[in-house]
Amino acid sequence: MFKNATIGSGSDARETAAAQTKTLTDEELGILDGPSAGVLAKLREVDVDVANKFHPNDTRRIRRALEIYFQTGQRPSDIYEAQRTDNHDEKLKLRFDKTLVFWVWCEQSVLNPRLDTRVDAMLRNGLHNEIRELFQYYTAHRPEKLGGVYQVIGFKEFLPWLEAGGDTATDEPAGESAKLLQECVDKMKQRTRKYSKQQTKFMKNTLMPKLAEMVEQAPTRTDIAAAVLDATDLTQWDTTVAARGIDVARGFLAPNDSDPAVPDHFIADTPALRSLLVTPKSFTREQWQNFTCDTCVDPETKEPIVVVGGDHWAVHLKSRKHRNAVAGRAKLAHNREQIELRRKRQLEEEEQQQPRGGEEKRHEGEQAADPTA
Ligand SMILES: [Zn+2]
């Protein structure tokens with residue numbers, strides 16, 4: 001879809017930084033090898049943005065960020081930022097003039113049995129033979145690692161059965177062989193389900209955010225869009241997938257005058273489907289911020305709780321834990337007030353009960369309050 005890009009591979013700061021590194025001084029090494037509080041303090045001093053990006057307990061990343069700074073002389077947050085820009089300039093160029101992504105989606109709980117059925121159908125349609133052929137090749141070459149072609153779903157899973165003589169068995173195995181084969185089939189089904197979840201994750205967490213980034217740069221562009229089509233209910237396929245898809249494609253290829261000036265690049269028929277296409281904004285420097293709760297305390301470290309990022313902070317403020325802590329603290333303050341109040345009253349009562357001194361005081365008080373008396 002994109003020019004010269006395998007998106008999602010995401011080169012990180014390390015690679016860029018590695019290009020122009022220098023040897024660290026003894027002082028720098030001393031800081032890096034020293035206590036983590038010192039490392040964090042130093043990182044805050046040289047690059048507060050990146051220091052705020054990490055949780056204070058994330059000592060490994062904090063140390064690594066400071067190391068990058070020592071090695072390159074560049075602020076790690078600038079390196080991250082430059083990479084973001086690079087991505088925009090180099091990688092996010094579309095291969096075609098117009099790109100419309102269709103995502104045929106299905107509810108996972110409905111998809112799983114459908115995938116199982118597909119595996120069963122593959123077995124009925126001669127998967128055994130394919131596996132046996134590959135196994136013959138495999139036994140002739142005996143690779144050290146199961147890489148490359150052996151990684152396909154539907155080979156590795158059958159090795160226990162093949163190694164136990166399944167490759168010479170009939171298509172209708174019985175006894176131990178049948179039991180072993182069933183286990184292998186189950187494994188293949190599991191792996192197929194897992195793979196489908198990975199695909200969904202890739203669409204939602206990698207591809208769609210990339211598209212969103214491109215759209216954000218040029219909100220009026222009409223050369224890119226994504227649509228999710230609901231294939232959960234197969235009896236509705238003609239409507240929800242086939243006809244709807246054609247509709248979307250027509251609108252995309254020939255927008256008409258009544259279309260809004262700023263097109264909706266993410267097409268979905270329900271809010272639930274839309275949430276697949278539009279995820280919260282990707283990580284930006286604005287979100288690199290630490291928030292320290294002045295109410296909640298980490299039960300283990302007894303330190304105030306620290307939350308990274310505005311979104312997470314908002315979640316924390318709404319959390320039951322935080323609200324309980326706030327309520328508990330208010331109650332504690334209220335109790336203290338009550339105790340204080342009671343003590344005051346007690347003192348006053350004691351004063352009143354002191355016979356002479358109390359009397360005199362009261363007279364003085366009355367005189368002061370009413371000088372004409
Ligand atoms: Zn809190």
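Colleague: Leaving aside its neighbours within four places in sequence, which residues is I62 in contact with?
Modeller: I62 is in contact with V39, L40, L43 and F54. To count as a contact, the two C-beta atoms, placed from the backbone, have to lie within 7 Å. Bear in mind that this is a predicted model, where local features need pLDDT of at least 70 and side-chain atom pairs count only at pLDDT 80 or more, while totals for chains, interfaces and linings use all residues. Numbering runs from 1 along each chain as its sequence is written.

Colleague: Okay, and what makes up the largest nonpolar core?
Modeller: That core has 15 residues, and V39, L43, I62, A65 and L66 have the most contacts inside it. A nonpolar core here is a set of buried Ala, Val, Leu, Ile, Met, Phe, Trp, Tyr and Cys residues joined through C-beta atoms within 7 Å. The elements giving two or more residues to it are α3 (36–46), α4 (48–53), α5 (59–72) and α6 (76–91). Of these, α5 gives the most, with six residues. There's also a second, separate core of 13 residues, including W103, M208, A226 and V228.

Colleague: How do α3 and α5 pack?
Modeller: Their axes are 9 Å apart and the angle is about 50°; axes are lines fitted to C-alpha atoms, for helices over the stretch in contact, and angles run from 0 to 180 degrees between N-to-C directions.

Colleague: So what do you call α3 relative to α5, and why?
Modeller: Oblique, because of that angle. The cut-offs are under 35 degrees for roughly parallel, over 145 for roughly antiparallel and 65 to 115 for roughly perpendicular, with the rest oblique. The crossing of α3 and α5 is left-handed; that label applies if the near helix is turned anticlockwise from the far one by less than a right angle, and clockwise gives right-handed.

Colleague: Which residues in α3 and α5 meet?
Modeller: On the α3 side, S36, V39, L40, K42, L43 and V46; on the α5 side, T59, I62, R63, A65, L66 and Y69. The residues of that contact divide into eight nonpolar, two polar and two charged.

Colleague: Now α7 and α9. At what angle do their axes cross?
Modeller: Roughly 135°, with the axes of α7 (residues 108–141) and α9 (residues 175–217) coming within 9 Å. That makes α7 oblique to α9. The crossing of α7 and α9 is right-handed. Q108, L111, N112, L115, D116, V119 and L123 in α7 meet V185, M188, K189, T192, R193, S196 and K197 in α9. By class, the residues of this contact are six nonpolar, four polar and four charged.

Colleague: What makes K302 count as exposed?
Modeller: K302 has 7 C-beta neighbours inside 10 Å, so it counts as exposed. K302 is in the loop between β4 (290–297) and β5 (304–308).

Colleague: What is phi of K302 near?
Modeller: Near 65°, a positive value in a residue other than glycine. Most residues other than glycine have a negative phi.

Colleague: And D269, why is that one called partly exposed?
Modeller: Because D269 has 13 other C-beta atoms within 10 Å. D269 is in the loop between β3 (266–267) and α11 (271–277). D269 and L229 are 40 residues apart in sequence and 8.2 Å apart in space, C-alpha to C-alpha.

Methods. Helices (H or I, at least four residues) and strands (E, at least two) are DSSP runs, numbered from the N terminus. Ala, Val, Leu, Ile, Met, Phe, Trp, Tyr, Cys and Pro count as nonpolar, Asp, Glu, Lys and Arg as charged, and the others, Gly among them, as polar. A residue is buried if 20 or more other C-beta atoms lie within 10 Å of its own, exposed if 12 or fewer, and partly exposed in between; C-beta atoms are placed from the backbone.
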